[in-house]
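Work through the two exercises below with the model open beside you, taking each solution one step at a time.

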Amino acid sequence: MSSASPDSAAGEPIIEVDSLVRHFGRQKVLNGVSFKVYPGDTFIIMGGSGCGKSTLLRHLIGTEKPTSGSIKIFGEEITTMNADALRRLRGRYGMLFQSGALLQSLTIAENVALPLTEHTALETGIIDTVVKMKLEQVGLTGHGHKKPSEISGGMKKRAALARAMALDPPLIFSDEPTAGLDPIMTAVVDELTQRLTRQIGATVVVVTHDMNSVFRIGTRIIMLGTGHHQGKVIASGTPAEIRASANPAVQQFINGDPQGDGGDDSGEMLYRETLLGLADTPSSPQS
């Protein structure tokens, strides 16, 4: 199946991953991963636990370095970037992570304002206006003064979406964005994400277990394998092509309807790392 988007003629790829390999000691977590993401895609990365999809996401946002291979974002090779260059690049994309990854010590409004204070020189009054608008877009008007512990799980996800879109970024990375939500709230968050990202013309890369979300929002999908196919792309294509795949591992996965566990708060740590530009440190393999 082709890895090119139906819209590929409209422009150059936003992301190009070529022959990406990542070892943790003797364990090869990513094994020759290659794909392209084109403008307007909602690009899904899926696979069973331990397949390397979260490790792949960490490479895409620059918090891990590959053993070999290359990653280009907006045409720039990120695997050789220094910390300052990565920090500047991160001002061009939004991040939406599992459990919302809101900073617990800040109010909802302060969380949404973080990308604006970190990556722009806007005056406080303008930032406040943008935050108010973003909270209104996700249905959280009047909740900006609250702490994350004072709002529901679904509201946290929407607040995290508002933060991810604070800069109207051309690219958004999303890790298990609906984990822990019931099917109705999952559909609400999916619809809201689609509507708002289309308004700003954003391209979205999503790591998810949720098959309902995969086929509801995905335009292009890759699946990473486990076992003998650990960290390899075993399927790639449109939702229709993935549904029709003759690969038994793919059929077993999509028909089993696996869900994320929703119990991992590591997203806050990852957000802190990317937002604050902390030094890269090797981590253990992730799902």
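**Exercise 1.** Determine how α3 and α5 are oriented towards each other.

Solution. α3 and α5 are roughly parallel to each other, a term that covers angles under 35 degrees. The angle behind this is about 30° between helix α3 (residues 108-119) and helix α5 (residues 153-164), whose axes lie 7 Å apart; axes are lines fitted to C-alpha atoms over the stretch in contact, and angles run from 0 to 180 degrees between N-to-C directions. Helices are DSSP runs of H or I with at least four residues, and strands are runs of E with at least two, numbered from the N terminus. The model is predicted, and local features need pLDDT of at least 70, side-chain atom pairs count only at pLDDT 80 or more, while totals for chains, interfaces and linings use all residues. Residues are numbered from 1 along each chain as its sequence is written, and side-chain values use heavy atoms, with hydrogens and water left out.

Next, list the contact (heavy atoms within 4.5 Å): α3 contributes Ile-108, Asn-111, Val-112, Leu-114 and Pro-115, and α5 contributes Ala-159, Ala-162 and Arg-163.

**Exercise 2.** Find which element gives the most to the lining of the largest cavity.

Solution. Begin with the volume, which for the largest cavity is about 120 Å³; a cavity is a set of points on a 1 Å grid over the protein atoms alone where a 1.4 Å probe fits but cannot get out, and lining residues have an atom within 4 Å of a point. Among the 14 lining residues, Ser-174, Thr-193, Val-204, Val-206 and Ile-217 are the closest to the centre. Two or more residues come from each of β7 (171-175), α6 (183-200) and β8 (203-207), and α6 gives the most, with five residues.

Methods. Angles under 35 degrees count as roughly parallel, over 145 as roughly antiparallel, 65 to 115 as roughly perpendicular and the rest as oblique. On a 1 Å grid over the protein atoms alone, a cavity is a set of points where a 1.4 Å probe fits but cannot get out, and a pocket is an open set with protein on both sides within 12 Å along at least five of seven lines; lining residues have an atom within 4 Å of a point. Grid points are joined across faces, edges and corners, and a volume is the space filled by probe spheres set on the points.
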